[in-house]
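Please look through the model below with this report beside it. The text takes up ring pairs, then a sheet, then a pair of helices.

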Amino acid sequence: MLAGDFYRTDSALFAEQMKSRAAMDRYNATPAQEGELRCARLAELMGTSNGATVRAPVYVDYGWNVHLGEGVFLNFNCVLLDVAEIRIGAKTQIGPNVQILTADHPRDPQQRRQDLEFGRPITIGANVWIGGGAIILPGITVGDDAIIGAGAVVTRDVPKGATVAGNPARVLRKA
C-alpha cells in the first residue's frame, strides 16, 4: 500500500483502520477547551502534528501517514484519506470540508472487480491557502504560497505561488 502498489484491505489493514478510528473518535470527542488533551490526542492520531490546529471533526483512514508542518490549520470536517503519505507544509491554512484523497482505484474494470486499490502521495507546500470544499486528488503536489479556490477540484500539480480555481482547477494567476 505505502509503495503505491495494488493492494486489498486485509485483516491487518482493517485492524490498523480500527485503531485509527478509535484515535480519531477520541480526538473528535475532545472538547475544544481542553487544549492540552487535544494536542496529545492529535499527536496520537497523526504521523506528525507539530502543534497544528485541527478543528473537529476530522476524518482519516490511518492518520499515521499524515504529516502536518508547524502552524498548520485545518478547519472543520476535513477528510484526509491517507493510504499514502500526505505532507502539509508549515503555515498552510485549509478551509472547512476540504478533501485530500490519496486513495485511488484501477481504471480497468476487471481490476476493480478484484477489489484492488492503490494510493499516490500528496504534498502540499508551506503557506498554502486551500478554500472550503476543495478536493485534492491522488498524486498532487501543491507548491509553496499557492492558493486553491473554494470548491476547486485539483487534478494537476499546482505551481509555487499560483492561484487555481474551478472544476477541474485551472491556473488563474501565476506567481
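Rings of Phe, Tyr and Trp (for Trp, its six-membered ring) are said to pair if their centres lie within 6.5 Å, and planes under 30 degrees apart count as stacked, over 60 as edge-to-face and the rest as tilted. This is a predicted model, in which local features need pLDDT of at least 70 and side-chain atom pairs count only at pLDDT 80 or more, while totals for chains, interfaces and linings use all residues. Residues are numbered from 1 along each chain as its sequence is written, and side-chain values use heavy atoms, with hydrogens and water left out.

**Aromatic pairs**

By the ring rule, the count comes to 2 aromatic pairs. Phe6 and Phe118 form an edge-to-face pair, with 5.5 Å from centre to centre and 85 degrees between the planes. This pair links distant parts of the chain, since Phe6 lies in the segment before α1 (11-29) and Phe118 in strand β10 (residues 118-119), 112 residues apart. The rings of Tyr62 and Trp64 have their centres 5.2 Å apart and their planes at 45 degrees, so this pair is tilted.

| Residue | Relative accessible area | Class |
|---|---|---|
| Phe6 | 41% | partly exposed |
| Phe118 | 14% | buried |
| Tyr62 | 1% | buried |
| Trp64 | 33% | partly exposed |

**The sheet**

Helices (H or I, at least four residues) and strands (E, at least two) are DSSP runs, numbered from the N terminus, and two strands pair if DSSP finds at least two bridges between them. Strands of a sheet pair through backbone hydrogen bonds, either parallel or antiparallel. Here 4 strands form an open sheet in the order β3-β6-β11-β14, and the pairing is parallel. The edge strands, each of which pairs on one side only, are β3 (66-68) and β14 (141-142). Strand β11 (residues 122-124) is joined to β14 by 2 bridges, and Ile124 stands opposite Val142 in β14.

**Two packed helices**

Axes are lines fitted to C-alpha atoms, for helices over the stretch in contact, and angles run from 0 to 180 degrees between N-to-C directions. Helix α1 packs against helix α2 (residues 35-45) at an angle of about 160 degrees, with the axes 9 Å apart. That makes α1 roughly antiparallel to α2, a term for angles over 145 degrees. With contact meaning heavy atoms within 4.5 Å, Ser20, Ala23, Met24, Arg26 and Tyr27 in α1 meet Arg38, Arg41, Leu42, Glu44 and Leu45 in α2.

Key. Buried < 20%, exposed > 50% of the residue type's maximum accessible area, 1.4 Å probe, protein only. Parallel < 35°, antiparallel > 145°, perpendicular 65-115°, else oblique.
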